[in-house]
Amino acid sequence: MNSISNKLIEKSKEAFIMAIEIYNKPSIKYRVEGFSFFICNAWELMLKAHLINISGDRSIYYTDNPNRT
């Protein structure tokens, strides 16, 4: 794995933990919405790491805008 992929996996793990922590806090009114946001973010980061491992760093960037994934 390359360093970008490793960083994405670590961020994915953090987003997943945040999703679970938010969901388990009954005092938060919008916890389902917060959970949904962080769980989707975790999956997106994992997918990007997977794409990088298969096709290289450039595979997650738009061809017409190299600053956008």
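Student: Where is Gly-34 found?
Tutor: Gly-34 is in helix H2. Keep in mind that this is a predicted model.

Student: Is Gly-34 buried or exposed?
Tutor: Its relative accessible area is 17%. The cut-off for buried is under 20%, so Gly-34 is buried.

Student: How far is Gly-34 from Lys-11 in space?
Tutor: They are 16 Å apart, C-alpha to C-alpha. Along the sequence, 23 residues separate Gly-34 and Lys-11.

Student: Back up a bit. Which residues do H1 and H2 cover?
Tutor: Helix H1 covers residues 3-23, and helix H2 covers residues 31-55.

Student: And at what angle do H1 and H2 pack?
Tutor: The angle is about 165°, and the axes of the two helices are 8 Å apart. Angles over 145 degrees count as roughly antiparallel, so that is the term for H1 and H2.

Student: Is the crossing left-handed or right-handed?
Tutor: H1 and H2 cross in a left-handed way.

Student: OK, new topic. Which residues are in the largest nonpolar core?
Tutor: That core has five residues, namely Leu-8, Leu-45, Ala-49, Ile-52 and Ile-60. H2 supplies the largest share of this core, with three residues.

Student: Take Leu-8. Where does Leu-8 sit?
Tutor: Leu-8 belongs to helix H1. With a relative accessible area of 11%, Leu-8 is buried.

Student: What is Leu-8 in contact with, leaving aside neighbours within four places in sequence?
Tutor: On that basis, Leu-8 has contacts with Leu-45, Lys-48, Ala-49 and Ile-52. Leu-45, Ala-49 and Ile-52 are also listed in the core.

Student: How far apart are the C-alpha atoms of Leu-8 and Ile-52?
Tutor: The separation is 9.9 Å, although Leu-8 and Ile-52 are 44 residues apart along the chain.

Student: Now the serines. Where does Ser-5 lie?
Tutor: Ser-5 is part of helix H1. Its relative accessibility is 0%, so Ser-5 counts as buried.

Student: Which residues does Ser-5 touch, not counting those up to four places away?
Tutor: Ser-5 touches Ala-49, Ile-52 and Asn-53. Ala-49 and Ile-52 are members of the nonpolar core.

Student: What about Ser-12, buried or exposed?
Tutor: Ser-12 has 3% relative accessibility and counts as buried. Ser-12 is in helix H1.

Student: What does Ser-12 touch, not counting residues up to four places away?
Tutor: The residues are Ala-42, Leu-45 and Met-46. One of these, Leu-45, is in the core.

Student: Last one, Asn-67. Where is the place of Asn-67?
Tutor: Asn-67 is in the segment after H2.

Student: Why does Asn-67 count as exposed?
Tutor: Because its relative accessibility is 75%, and exposed means over 50%.

Notes: Residues numbered from 1 in each chain as written. Predicted model: local features only at pLDDT ≥ 70, side-chain atom pairs only at ≥ 80, totals over all residues. Heavy atoms only, no water. Axes fitted to C-alpha atoms, helices over the stretch in contact; angles between N-to-C directions. Helix = DSSP H or I, 4+ residues; strand = E, 2+ residues; numbered from the N terminus. Parallel < 35°, antiparallel > 145°, perpendicular 65-115°, else oblique. Left-handed = near helix turned anticlockwise from the far one by under 90°. Buried < 20%, exposed > 50% of the residue type's maximum accessible area, 1.4 Å probe, protein only. Contact = heavy atoms within 4.5 Å. Core = buried A, V, L, I, M, F, W, Y, C linked by side-chain atoms within 4.5 Å.
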